[in-house]
Amino acid sequence: MATSNDIKNGTVLRIDGQLWSIIEFQHVKPGKGGAFVRTKMKNVLSGKVVDKTFNAGTKVETANVDRRDFQYLYMDGEDFVFMDTGTYDQINVPAATVGDAKDYMLEGMNIMIASNEGQPLYVELPPSVVLEITYTEPGLQGDRSTGGTKAATLETGAEIQVPLFLEQGTRVKVDTRDGSYLGRVND
């Protein structure tokens, strides 16, 4: 148990049997009345974001979240199989837990998995990944980087918007948070 004064970004709380991660917090001490902590919390499993206010000194239950490095191995039916890079143990993570991260994962990629009491909660990708474009409409003479965008399919099957001049087989850097194009990668 902790108090509301111990709340920081990234702290995971157990409220009504559910796990909530603190995205933002603000300690407020108004001129009149008691101090309080205003928070923005994200449900670890569903992704729902809510605002909640705690009175100063209120007891809150913190959850122990273990974040460890894993390597993505392969997909087994509906589950994704990962290997702990420290112990070489393999775990199966359901597709629902992996969520949209699957659009940017390649076999052999290192990924952070957060778990609570052995139960995987969410998958955390690096901020950006390099992927190859497997299909896009051919570029035309005169297409420039500032001229607009077109759809491109990546090697993972995800579809993103890229500048008109990019062609099939080009390797691009993609932001894993919002799926945006960050730039071309020359090997």
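1. In this predicted model, the largest nonpolar core holds 25 residues. Phe82, Val98, Met105, Ile111 and Leu154 touch the most other members. Seven strands are named as giving at least two residues each: strand 7 (66-76), strand 8 (79-84), strand 10 (110-116), strand 12 (128-136), strand 13 (149-154), strand 14 (159-163) and strand 15 (171-175). Strand 12 provides the largest share, three residues.

2. Take Ile111. Beyond its neighbours within four places in sequence, Ile111 contacts Arg68, Asp69, Phe70, Tyr72, Phe82, Met105, Val123, Glu124 and Leu125. Another core, of 10 residues, lies apart from the largest one. Its members include Leu13, Trp20, Val37 and Phe54.

3. Strands 13 and 14 are antiparallel, paired over five bridges. Ala152 faces Ile160 of strand 14 across the pairing. The two strands make a hairpin with four residues between them. In the turn, Gly157 has a positive phi of about 100°.

4. The whole structure has seven salt bridges. One of them joins Asp84 to Arg68, at 2.2 Å from N to O. This pair links strand 8 to strand 7, 16 residues apart. Asp84 is buried, at 5% relative accessible area. Arg68 is partly exposed, at 33%.

5. Glu61 and Arg14 form another salt bridge, with the closest N and O atoms 3.6 Å apart. Glu61 sits in the loop between strand 6 (59-60) and strand 7, Arg14 in strand 2 (residues 12-15), and 47 residues separate them. Both are partly exposed: Glu61 at 38%, Arg14 at 23%.

6. Asp103 bridges to Lys102, again with closest N and O atoms 3.6 Å apart.

Conventions. Residues numbered from 1 in each chain as written. Predicted model: local features only at pLDDT ≥ 70, side-chain atom pairs only at ≥ 80, totals over all residues. Heavy atoms only, no water. Core = buried A, V, L, I, M, F, W, Y, C linked by side-chain atoms within 4.5 Å. Buried < 20%, exposed > 50% of the residue type's maximum accessible area, 1.4 Å probe, protein only. Contact = heavy atoms within 4.5 Å. Pairing = 2+ DSSP bridges. Salt bridge = Lys/Arg side-chain N within 4 Å of Asp/Glu carboxyl O.
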